[in-house]
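Please look over the structure shown below before reading the notes on its salt bridges, helix packing and surface.

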Amino acid sequence: TVWRIILVTSCFIHLLRQATSRLLVNYAEPFRSQILDFLFTPGFGASLHILKVEIGGDAQSTDGTEPSHMHHEDDENYFRGYEWWLMKEAKKRNPNITLMSLPWAFPGWVGHGKNWPYDFPDITAAYVVNWILGAKQYHDLDIQYVGIWNERSYDSKYIKLLRYTLDKRGLETVRIVASDNLWEPVVRSVLLDPELSGAVDVIGAHYPGTNSPEEALKTQKKLWASEDYSTFNDEVGGGCWARILNQNYVNGLMTATISWNLVASYYEDLPFSRDGLMTAEEPWSGNYVVESPIWITAHTTQFTQPGWTYLQTVGHLAQGGSYVALTDGKGNLTVVIETMTRDHSVCIRPPLPPFNVTSQNATFQLEGSFASIKELQVWRSQFNFKTKKSSFFEKLPPQKLFNGLFTIELAEDEVYTFTTITSGQKGSYPPSPPSARFPKVYKDDFNVRNPPFSEAPNFADQTGVFEYYVNMSDPGPHVFTLRQVVTERPVTWAADADQTISVVGDHQWGNLTVTCDVFMERVKTGGVFIAARVDKGGQSVRSARGVFFWVFADGTYKVTNDLAGQTVLAEGRSGTRAYGWHTLSLTVAGQYASGLLNGYPLWKNAVVLSPKSGWAAIGTASFEPAQFDNFAVVAEY
């Protein structure tokens, strides 16, 4: 079979998205910059074209909480969290990178007490537009795309009002993506409502299985897989990524495939471990791993740019696999071929139907403006699931063409790029430091006068937001503290706990002592805890178990085997009050736990049968302000 390459225009954009980079900011140099280079530097690694970030909403959004720019209606701060930093680092490496944003949740005040952001659409629209304006005003970042609400219902009235608000505030160039969920019902809404169609620029679907419905094509909108991949980044994950990068266009005419997530830089035992293009989950050691999806991405991104167009003759190969061809309209051509077999390219979802791929010869005939091309650069990745000796993004000798014709012998589980672009490079750095466990002795007094980030290193907020705080009313040792600041339940699609919690350390910690100074700010009803062996986070945090040592502003204490506080191991009087500092210490050894208050035994020998290990943690009994200081852990594995 001869595949003919002829020209027809179709917009092309290649995107990747970020949401799980909590630990990345904690890496020391030069390792942090090296990781960022593998992701963003053009012609080095993944060479990403677009970065999609979360508009933090003070709520659990899969593997943690991201802080909002507006905790309260009269509060604005455009320096919280790490998304601003990440966007600026991406822009520093690639000034042409496109920035995209999407809310996963909203602060509680946006919903006026309801878990719904659309009852007051003008408030929600102003909240989102403020974030976009803040990005420009405080960081000189131009946000080019914005979404509605991740994997939740959309509201047509809100989308129209968002478009109106963007235009009114001088943001006419910001495009709207709807609705970051399934194809339907948003496709039908766009077809039936001309005003809505005028407001929406892109139809974005999650995990479309490389297919889009015929109705979606009738909208004449750009179609994107606005979240995809989400697969463990071993070589099967790399195969998944190779297959869908091509076939999302071949089968579904989707001109963007957005990876969830950018880099697996969150604690390994949180949900969706290592579902990133590369792995960077050990800032304490400096270890990171450039996984196969980085180089699979490079097969497309290093040899195309936003604004390139797909060609008409994309398609499936005779013996399985697929190919796409793209051009810049100025004579350059890039062809990407993949021959991933089914069992070596299974994504986490949706289910993958059976199909066959076998080795084959493929002949390509360049016609029209490409007929005069005499030579193409060749890059190859070969997965080898038998020997485990795969090779990725290897430069081969150039391919000679005769009368625009070339033939390639294709084996199973390969990716090829044939291109006129000569600037490809497999970037490299010396190996990162060896992997190491989290330190067994860990301390943080939060004494940072001008912190580079709002959150303390290695603390991963799972519900609530814990920020550096300057306690101007304390002339003593607690001027610089860590404070939980979310005071009402957010509007969220995830199952936030009724308590707030931030975890830290190693999930394999079994025997350990956790110590922390605590300060309750809510009189009578306030409550705080320290914890050990916390077994769950992410969207499962509501059902987290461990050993939780609580003290309350009403002068009582409680020890529970769960975050929800239902399984009580001990309780009694503590004499604790709000607006006074107390030192809590929790020791868990084997099946027994004991606790100190201000250096004196308060309870001991509580029996803990499970869990056997988990993180250390701090938190509050409700969405309430409270402070923490002089945190310390001494642990055994």
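Which side chain meets that of E375 in a salt bridge? In this predicted model, the partner of E375 is K400, with an N to O distance of 2.5 Å. The pair links distant parts of the chain, since E375 lies in strand 20 (residues 375-382) and K400 in strand 21 (residues 391-400), 25 residues apart.

**Salt bridges**
- The count comes to 22 salt bridges, and in the E375 and K400 pair both residues are partly exposed, E375 with a relative accessible area of 31% and K400 at 45%.
- R93 forms a salt bridge with D37, the closest N and O atoms being 2.7 Å apart, and this pair joins helix 2 to helix 1 across 56 residues.
- R93 counts as buried at 15% relative accessibility, as does D37 at 13%, and a network of salt bridges links D37, E89, K92 and R93.
- D140 and K136 form a salt bridge whose closest N and O atoms are 2.9 Å apart; D140 is exposed at 54% relative accessibility, whereas K136 is partly exposed at 38%.

**Helix packing**
- Helix 1 (residues 31-40) and helix 2 (residues 83-93) pack at an angle of about 65° with their axes 10 Å apart, which makes helix 1 roughly perpendicular to helix 2, and their crossing is right-handed.
- The axes of helix 8 (residues 235-252) and helix 9 (residues 292-301) come within 8 Å and cross at roughly 20°, so the two helices are roughly parallel to each other.

**Surface**
- Y592, V607 and L609 make a nonpolar surface patch of about 300 Å².
- L609 sits in the loop between strand 37 (600-607) and strand 38 (615-620), where L609 is exposed with a relative accessible area of 53%.

Terms used
Residues are numbered from 1 along each chain as its sequence is written. This is a predicted model: local features need pLDDT of at least 70, side-chain atom pairs count only at pLDDT 80 or more; totals for chains, interfaces and linings use all residues. Side-chain values use heavy atoms; hydrogens and water are left out. Patches are made of residues with over 30% relative accessible area and no salt bridge: like charges are joined within 9 Å, nonpolar side chains (Val, Leu, Ile, Met, Phe, Trp, Tyr) within 5 Å. Accessible areas come from the Shrake-Rupley method with a 1.4 Å probe; for residues, only the protein chains shown count as cover. A salt bridge is a side-chain nitrogen of Lys or Arg within 4 Å of a carboxyl oxygen of Asp or Glu. Helices (H or I, at least four residues) and strands (E, at least two) are DSSP runs, numbered from the N terminus. Buried means under 20% relative accessible area, exposed over 50%, partly exposed in between (1.4 Å probe, protein chains only). Axes are lines fitted to C-alpha atoms, for helices over the stretch in contact, and angles run from 0 to 180 degrees between N-to-C directions. Angles under 35 degrees count as roughly parallel, over 145 as roughly antiparallel, 65 to 115 as roughly perpendicular and the rest as oblique. A crossing is left-handed if the near helix is turned anticlockwise from the far one by less than a right angle, and right-handed if clockwise.
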